[in-house]
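Tutor: Please take a moment to look through the sequence and the model shown below. We will then work through some of its features by question and answer.

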Amino acid sequence: MLAFLSLNSFGMSKGLGLYTIPKGAEKSNLFNTTVNGKEVFTEKFKDVNYVRFSHTKAVSILVKSAEDISSFRISPQKDIISPKANGKSLEFSISKPGYYVVTINNKEKLFVLSDTPDKDKLKKSDFIDVKSYNIDFTGTTIVTEKLQNAINDAISKNKTLVFSAGIYRTGTLKIGSNARIYIADGAMIKGSESRNDYPTDGGKKESDHINDKANYTDNGETMTFSRLILIDNAENVKIWGDGVIDGSGSIVRAQGKPANLIRIRNSKNIELKGLVLRDPACWNTHILKSENVVIRNIKMLNDPNVPNTDGFDPDASKNVLIEDCFAYCSDDNIAIKTTNNGGLLQDCENIKVNNCVFLTRKSSLKVGTETKGKSMRNIVFSNNYVVEADRGLALYCYDGATFENIQFINNYIERNYPDSRRKAIHFEIKNRNGAGTIKNVLIKDCSIGEGFSKGSEMLGLDANHTIDGVVFKNLKVDGELCLQPEKLRLTTNKFVKNIRFEK
């Protein structure tokens with residue numbers, strides 16, 4: 001625990017911090033990684049490989065591949081220094097902490113997840129170690145009840161509950177007001193592998209694509225009423241650290257259980273920071289009818305073979321900031337929506353998504369698809385780097401609502417993931433449960449790269465439900481300034497008006 005007190009004293013040498021190798025972690029058989037001459041554990045997780053470390057200065061990285069490197073790509077490129085490949089080795093430096101995707105020979109991916117050291121400090125009198133509650137930390141038994149009692153007790157004593165190194169296997173945990181939970185380096189909250197450990201809200205029936213295929217739906221209103229971590233009707237909650245929350249999602253979803261990893265519901269003043277959030281059975285982090293939510297430096301790793309594994313889903317929420325995060329998803333990276341899940345519905349407004357790195361097989365920066373509130377407004381996506389996506393910028397107004405004052409500022413869409421739609425920009429209005437409008441959209445200083453074979457598309461619904469007022473300012477396509485729709489290969493219908501391209 002002494003190492004915990006100084007937080008980033010773990011392995012910190014010459015500005016480099018090395019994390020503890022997780023128990024049971026699978027070592028990559030494709031890559032070996034060293035940083036400033038020190039070997040960093042390269043973990044194989046699902047279909048990718050990743051390394052984690054923290055640093056305060058520029059660091060040099062050597063990646064050794066299992067095969068000769070004929071081509072490579074490092075994304076984003078702006079903080080990469082002097083990359084070069086020779087045989088099976090790739091060398092480069094990064095000037096500052098951030099999240100990077102190394103693609104070797106156009107197929108294998110290595111995620112380099114480098115953090116700024118956590119400056120939060122705790123005095124011994126401020127916290128309680130969860131192990132003091134005689135809780136199994138080997139991951140061999142389900143300890144839901146004991147963990148719940150520890151969380152409640154720490155709140156009652158106004159203490160931070162520390163998950164020190166170990167594996168804590170659990171079903172649903174409920175987090176109440178004034179909770180402070182620190183998940184330390186080497187600690188993992190590991191979701192149970194049994195669907196029975198994720199009870200639904202009030203016994204509600206949720207979608208089950210295994211046991212009730214005939215009634216399955218992926219509509220967020222009724223798809224899921226369960227989760228691993230539930231922050232419910234709470235205020236002033238902080239969950240942070242260098243550890244991992246793992247949902248065992250591929251196993252749980254195979255049993256027909258669409259449990260979220262984290263749900264923040266009807267809550268205020270919530271902060272998530274620093275953690276690795278991986279393998280949800282459905283949406284990773286669902287922010288439902290909540291306000292003043294801050295999410296920073298989260299590393300999100302979803303299983304690309306598990307359906308509906310969105311990244312962040314602000315739903316009927318206000319004043320949400322998602323910043324400096326990384327998300328690898330099979331479904332939408334960001335989906336801002338109003339689903340009416342649990343009857344919790346209000347306008348969605350003041351959402352900011354800044355400085356993130358995203359990969360997905362579907363839409364990356366998205367508003368919709370469920371839009372059951374009256375309005376969705378004042379939404380800003382800025383300075384995000386989308387390494388790959390089937391659709392880069394997406395506005396789907398399908399259930400009514402007015403979309404207005406939506407801004408995409410300085411986002412880079414590098415390349416297309418070749419899924420079904422292959423559109424760099426896709427805006428559309430439909431009438432599933434009501435018809436809405438889209439107006440006052442600004443796309444400024446954005447860049448679109450390669451491979452979007454179907455161009456871009458904007459489709460209004462009818463004369464009363466239009467897309468009205470989209471300004472493209474300093475848009476670049478394949479590195480060239482775009483001043484006309486033909487360059488973007490933009491198609492529209494007659495219910496789209498006041499589209500402007502400007503320098």
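Student: How many bridges join strand S7 to strand S10?
Tutor: A strand here is a DSSP run of type E with at least two residues, numbered from the N terminus, and two strands count as paired if DSSP finds at least two bridges between them. Strand S7 covers residues 59-65 and strand S10 covers residues 89-94, and the two run antiparallel. The number of bridges that join them is 6.

Student: Which residue in S10 stands opposite Lys64?
Tutor: This is a predicted model, in which local features need pLDDT of at least 70 and side-chain atom pairs count only at pLDDT 80 or more, while totals for chains, interfaces and linings use all residues. Residues are numbered from 1 along each chain as its sequence is written, and side-chain values use heavy atoms, with hydrogens and water left out. If you follow the pairing to Lys64, the residue opposite in S10 is Ser89.

Student: Which edge strands pair on one side only?
Tutor: The strands S7 and S10 belong to an open sheet of 5 strands with antiparallel pairing, whose order is S4-S3-S7-S10-S9. Reading that order from end to end, the edge strands, which each pair on one side only, are S4 (38-40) and S9 (80-86).

Student: What does the twist average from one strand to the next?
Tutor: The angle is taken between axes, which are lines fitted to C-alpha atoms, and angles run from 0 to 180 degrees between N-to-C directions. For this sheet of 5 strands, the average twist from one strand to the next is 20°.

Student: How far apart in space are Ser93 and Ala58, C-alpha to C-alpha?
Tutor: Ser93 lies in strand S10, and contact, meaning heavy atoms within 4.5 Å, links Ser93 with Val59, Ser60, Asp79, Ile80 and Ile81 once neighbours within four places in sequence are left aside. Ser93 and Ala58 are 35 residues apart in sequence, yet their C-alpha distance in space is 6.8 Å.

Student: Why is one side of S17 and of strand S48 left without a neighbour in the sheet?
Tutor: An open sheet of 11 strands with parallel pairing has the order S17-S20-S23-S26-S29-S32-S35-S38-S41-S44-S48. S17 and strand S48 (490-492) stand at the edges of this sheet, so one side of each has no neighbour there, because each has a single partner strand.

Student: Which residue in S35 stands opposite Ile336?
Tutor: Strand S32 (residues 334-338) and strand S35 (residues 363-371) pair in the parallel sense over 4 bridges. Strand S35 also holds Thr369, and the peptide bond from Gly368 to Thr369 is cis, with omega near 10°. The residue of S35 that stands opposite Ile336 is Val367.

Student: How many of the 7 residues of strand S33 are buried?
Tutor: Buried means under 20% relative accessible area, exposed means over 50%, and partly exposed lies in between, using a 1.4 Å probe and protein chains only. Strand S33 (residues 348-354) runs parallel to strand S30 (residues 318-323), with 5 bridges between them, and parallel to strand S36 (residues 375-382), with 6 bridges. S33 is mostly covered, and its count of buried residues is 5.

Student: What relative accessible area does Asn319 have?
Tutor: Asn319 has its place in strand S30, and its phi is near 55°, a positive value in a residue other than glycine. Asn319 is partly exposed, and its relative accessible area is 33%.

Student: Which residues touch the most other members of the largest nonpolar core?
Tutor: A nonpolar core is a set of buried Ala, Val, Leu, Ile, Met, Phe, Trp, Tyr and Cys residues joined through side-chain atoms within 4.5 Å. Leaving aside neighbours within four places in sequence, the contacts of Phe427 include Leu393, Phe408, Val441 and Ile467. In this core of 89 residues, those that touch the most other members are Phe408 and Phe427.

Student: Where does Pro76 lie?
Tutor: The peptide bond from Ser75 to Pro76 is cis, with omega near -10°. Strand S8 covers 72-75, and Pro76 lies in the loop between S8 and S9.
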